[in-house]
Amino acid sequence: MSKAVQNSTSGNFRFVRNVVRNYISKNVESETNSNMLPKNINKWFSEMSSKLEESYLAGDTPWQQSGFFGPEEIWIKCRKPIEKCIVSSGTFLDIGCANGYLLECLIEWTRVRGIKITPFGLDISEKLIDLSKQRLPKYKYNFYVGNAFTWISPQKYDYVRTELVYVPEQLKKEYVDRLLKLFLTDKGKLLIAEYRSRRDIEYVPWINTFLENEGFRIDECKSAFCEGKELTRVCVISSIR
Ligand SMILES: C[S@@+](CC[C@H](N)C(=O)[O-])C[C@H]1O[C@@H](n2cnc3c(N)ncnc32)[C@H](O)[C@@H]1O
């Protein structure tokens, strides 16, 4: 990978991570407990999403418009662990679907294994959902604009993918509980992804540590590596029914 691409990839990750961290430390910390929405929570979501939206919409490629600013082969490598978690046909909700490119890839990657997924997408950005509908017009009625922390789903899904950076630190446990209780079919699987850049510090614990500390039982984790460094980890948690 060229230096310029590496720099822009890690620069974007750092940008997004810093937006989230700065906003939490300035506005949310000490105002939240697990049962209460913080005073500034709506502002947190709207500022974070408008910054992400601006950065994604400036991208030229489908993967840039999904928040990945490296080359296509690394996008594929880093998103393949999600596909590996899909073991049977069914409905798949991508929470934080951006422009729908991950869903488009998953449909194709699973099709060659004889698995048919029906895609659904949720994103906080209306503009990105419009792009998803254009990308997958056959499924345009399966795309929704909403905040994953408060959105009421009209149905349940066999697979739900998300990331925990979509909510402030203090609300992460409540968010996972909510998804497990309200979004999954009886045999549904929740796929919690964490994506990192090559420059992220290695000793920071991955999401499975947080999930286990909070008492969630993880069935399995799938990872992707680039030049020996882990860049993706996806933890699978089964429906609690
Ligand atoms: C990194 S992209 C993920 C794209 C694709 N799903 C993937 O895994 O590569 C994150 C997306 O999550 C959306 N997002 C962030 N917080 C959200 C929230 N609270 N509710 C819904 N969508 C959210 C952003 O607008 C952005 O489009």
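1. Two residues are in contact here if their C-beta atoms, placed from the backbone, lie within 7 Å. By that rule, and leaving aside neighbours within four places in sequence, Lys77 is in contact with Ala224 and Cys226. Lys77 sits in helix α3. The C-alpha atoms of Lys77 and Cys226 are separated by 7.9 Å, although the two residues are 149 residues apart along the chain. Lys77 counts as partly exposed because it has 16 C-beta neighbours inside 10 Å. Please keep in mind throughout that this is a predicted model.

2. Overall make-up. The protein has seven helices and seven strands. Along the sequence they follow the pattern α-α-α-β-α-β-α-β-β-α-β-α-β-β. Of the 241 residues, 34% are buried. Among contacts with a separation of 6 or more, 69% are between residues 24 or more positions apart.

3. The sheet. Seven strands form an open sheet in the order β3-β2-β1-β4-β5-β7-β6, and the pairing is mixed. β3 (143-145) and β6 stand at the edges with a single partner strand each, so one side of each has no neighbour in the sheet. Direction ignored, neighbouring strands of this sheet are turned by 20 degrees against each other on average.

4. Strands β2, β1 and β4. β1 and β2 run parallel and are joined by six bridges. β1 also pairs with β4 (residues 157-163), again in the parallel sense, over three bridges. Leu93 stands opposite Phe120 in β2 and opposite Val160 in β4. Six of the seven residues of β2 are buried, so β2 is largely enclosed by the rest of the structure.

5. Helices on the sheet. Helix α3 (residues 72-84) packs on the sheet and touches β4, β5 (184-195), β6 and β7. The direction of α3 makes about 170 degrees with that of β6. Helix α5 (residues 126-135) also packs on the sheet, where it touches β2 and β3. The direction of α5 makes about 170 degrees with that of β3.

6. The β6-β7 hairpin. Strands β6 (residues 220-226) and β7 (residues 229-238) run antiparallel and are joined by seven bridges. Two residues lie between the strands of this hairpin, and Glu227 in the turn has a positive phi of about 50 degrees. Ala224, one of the contacts of Lys77, has Thr232 in β7 as its bridge partner.

7. The nonpolar core. The largest nonpolar core has 52 residues. Those with the most contacts inside it are Leu93, Tyr157, Val160, Leu191 and Ile192. Leaving aside neighbours within four places in sequence, Leu191 is in contact with Ile82, Cys85, Tyr159, Val160, Arg161, Val234 and Val236.

8. The ligand. Which residues are closest to the ligand? They are Gly67, Gly96, Ala98, Ala148 and Tyr166, out of 23 residues that surround the ligand. By class, this shell has 14 nonpolar, six polar and three charged residues. α2 (41-57), β1 (90-95) and β2 (117-123) each supply at least two residues of the shell. α2 gives the most, with four residues.

Methods. Residues numbered from 1 in each chain as written. Predicted model: local features only at pLDDT ≥ 70, side-chain atom pairs only at ≥ 80, totals over all residues. Near = placed C-beta within 6 Å. Nonpolar A, V, L, I, M, F, W, Y, C, P; charged D, E, K, R; others polar. Pairing = 2+ DSSP bridges. Core = buried A, V, L, I, M, F, W, Y, C linked by C-beta atoms within 7 Å. Buried ≥ 20, exposed ≤ 12 C-beta atoms within 10 Å, placed from the backbone. Axes fitted to C-alpha atoms, helices over the stretch in contact; angles between N-to-C directions.
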